Amino acid sequence: MRRKLVVGNWKMNGNLAQNQRLLEALVHGLKGVGHVDIAVCVPYPYLFQAQHILTGTNIAWGAQNVASHENGAYTGEVSAAMLKEFGASYVIVGHSERSDAYCESSANIADKFAIAKQHGITPIFCVGETLQERESGVMEYAIANQLDAILSVSGGALLDRAVIAYEPVWAIGTNKNATSEQARAAHSFIRERIAAMHPGAAESARIIYGGSVNPRNAAQLLSMSDIDGGLIGRCSLDANDFERICRAACKI
Ligand code: PGA
């Protein structure tokens, strides 16, 4: 039985005072909530603050991107070793808001995935189709391409304990979540694809759903077989909303 995982993706939001209020409210509100892994992925400058407030609690923290190189002349980049120094457990790789805007290639994302794993950080690898891909019937093809790029570089061993986030691009930040059936179908396709390439990794991989999850739709989405949790954007900025989503996951 895979344990559910709920991750907040703060994106480029927050400031020291706001974060402190949000994190302290989460620590208080989620105290003792078990049977679910909980994390927040914060902007780089706030990793230290997250580490300071969340150490010793049931909430882990992480980042939203990582460099694909170990170190060196890469102005503006942040390495996996640096994330590790600030206690990061997770890092999001390949989020569509990054891969589109900053032209991240599949090979680049695969390198980020691999380097995070090498440093003991769990990558949360995002895949998902655009509306055009869904409507023109090539959704599975699009997702398979994204997955294969990672699977071929990373190999089966690196997939152990990996987290894949299915995030249909049309559902992110739009208030139009995938229906639970649409999400379930995509998740089972992803698991089958992993199984076809690396049978050992398919059962243990956690496939979480992201895209307009809120406290009203969380229970239904997270109760679907093959949906192992959620990647939460907007509603992770509100302590009450995020807490309700985490609680919905732990009841299932
Ligand atoms: P959203 O974002 O919950 O605001 O749709 C999800 C994400 O981008 O990870």
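Which residue has a backbone N or O atom that lies 2.9 Å from an oxygen atom of the ligand? Select Arg 234: a backbone N or O atom of this residue is at that distance. Keep in mind that this is a predicted model.

**Stop 1: the ligand**

Stay with the ligand. On its own it exposes 280 Å², and the protein buries 97% of that. Now show the shell: 13 residues surround the ligand. Lys 11, His 95, Glu 167, Gly 173 and Ser 212 are the closest. Color the shell by type. You get four nonpolar, six polar and three charged residues.

Zoom in on Gly 173. One of its polar backbone atoms is 2.6 Å from a ligand oxygen. Move to Ser 212. Here a polar backbone atom and an oxygen of the ligand are 2.7 Å apart.

**Stop 2: strand β4**

Select residues 90–93, which form strand β4. Tyr 90 and Ile 92 point one way. Val 91 and Val 93 point the other way.

**Stop 3: the neighbors of β4**

Find Gly 62: its bridge partner in β4 is Tyr 90.

Finish with β5, residues 122–127. Four bridges join β4 to β5, and these strands run parallel. Look for Pro 123 in β5: Val 91 stands opposite.

Notes:
Residues numbered from 1 in each chain as written. Predicted model: local features only at pLDDT ≥ 70, side-chain atom pairs only at ≥ 80, totals over all residues. Heavy atoms only, no water. Near = heavy atom within 4 Å. Polar contact = N/O pair within 3.5 Å; in protein donor to acceptor, adjacent residues only side chain to side chain. Areas by Shrake-Rupley, 256 points an atom, 1.4 Å probe, with all protein chains shown as cover. Nonpolar A, V, L, I, M, F, W, Y, C, P; charged D, E, K, R; others polar. Buried < 20%, exposed > 50% of the residue type's maximum accessible area, 1.4 Å probe, protein only. Helix = DSSP H or I, 4+ residues; strand = E, 2+ residues; numbered from the N terminus. Pairing = 2+ DSSP bridges.
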